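Dear colleague,

I am passing the structure on to you with this message, and my notes on it follow below. Please read them with the model open beside you.

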Amino acid sequence: MGIAMIEDPMDQDRKTLSDLLDVMAALRKPGSGCPWDLEQDFRSIAPYTIEEAYEVADAIERGSRGDLKEELGDLLLQVVYHAQMAKEEGAFSFDDVANAITTKMIRRHPHVFGDEATRSAGVAEGFWEKIKAEEKAGKGEPVSLLADVPLAMPALTRAVKLQGKAARVGFDWPSLAPVLAKMREELAELDEMVAAGNQDGIEAELGDLLFVMANVARHLLLDPEAALRRTNEKFTR
């Protein structure tokens, strides 16, 4: 005999994703919606989307599951918001977004969702890159090694991504030692620019130094953003 579940009285008014979609549509309804929400567009909402993603990461870092639940809701709202605006344009709907990502996950995991032979073969080396290249070719997009690293990504994170992709085709230092040597070289070049008072040169050399520091982090298997966040918190304390 199955165990009867005791229904929480608070759950009788429990909201679902469908309710959230309805709320977003009401907020954007001309004439009766929220004036602020009605004047927003993709560009104005994008910064909030990025901010909410960072707040999710912050809740994870702090180990707060209660805050994580709330921040995931805020991030989900951003997805719903963009999907509603796209629906108003006739471009796509939230259902299209869900369909696209579900289809992509199945396509990218044939070792889980494929036939028995494919599942038995497992994941071969270069598997993910091959799948992504096929997806780009299917869309008629140029297949470039670095093209799919988003420009809006935090600069240190983007540097690590660019370096990681280049490393896959052999464009990399063989070990940490030459990377550290390059770091010292860039630091000396920055020192020269500072001494010369060359502001443009200072910025260029500082960028080179930060790029090398991202590479140091990659060789140490560390996330430079996480390391810097940790130091920021230490400084704050």
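This is a predicted model: local features need pLDDT of at least 70, side-chain atom pairs count only at pLDDT 80 or more; totals for chains, interfaces and linings use all residues.

The pLDDT is the predictor's confidence in each residue, on a scale from 0 to 100. For this protein the average pLDDT is 89, and 89% of the residues score at least 70.

Residues are numbered from 1 along each chain as its sequence is written, and side-chain values use heavy atoms, with hydrogens and water left out.

**Overall picture**

The protein has 12 helices and 0 strands; helices (H or I, at least four residues) and strands (E, at least two) are DSSP runs, numbered from the N terminus. Of its 237 residues, 24% count as buried, and here buried means under 20% relative accessible area, exposed means over 50%, and partly exposed lies in between (1.4 Å probe, protein chains only). Among contacts between residues at least 6 apart in sequence, 49% join residues at least 24 apart.

Tyr-81 is placed in helix 4 (residues 65-89) and is buried, with a relative accessible area of 4%. Not counting residues up to four places away in sequence, Tyr-81 touches Met-24, Arg-28, Trp-36, Asp-37, Gln-40 and Ile-45. One of these, Arg-28, meets Glu-88 in a salt bridge (2.6 Å, N to O), a salt bridge being a side-chain nitrogen of Lys or Arg within 4 Å of a carboxyl oxygen of Asp or Glu. The pair links distant parts of the chain, with Glu-88 in helix 4 and Arg-28 in the loop between helix 1 (17-27) and helix 2 (35-38), 60 residues apart. Arg-28 counts as buried at 9% relative accessibility, whereas Glu-88 is partly exposed at 41%.

**Other salt bridges**

A search of the whole structure finds 7 salt bridges. Asp-58, Arg-62 and Asp-67 are linked in a network of them. Lys-182 forms another with Glu-186, the closest N and O atoms being 3.4 Å apart, and both residues lie in helix 10, 4 residues apart, about one turn of the helix. In an α-helix there are 3.6 residues a turn, so residues three or four places apart point the same way. Lys-182 counts as partly exposed at 24% relative accessibility, while Glu-186 counts as buried at 5%.

Lys-165 lies in helix 9 (residues 155-167) and is buried, with a relative accessible area of 14%. Leaving aside neighbours within four places in sequence, Lys-165 is in contact with Leu-145, Leu-146, Asp-148 and Val-149. Val-169 is found in the loop between helix 9 and helix 10 (176-196), and at 59% relative accessibility Val-169 counts as exposed.

**One backbone angle**

Phi of Leu-221 is near 60 degrees, a positive value in a residue other than glycine. Leu-221 sits in the loop between helix 11 and helix 12 and counts as exposed, at 77% relative accessibility.

Conventions:
Contact means heavy atoms within 4.5 Å.
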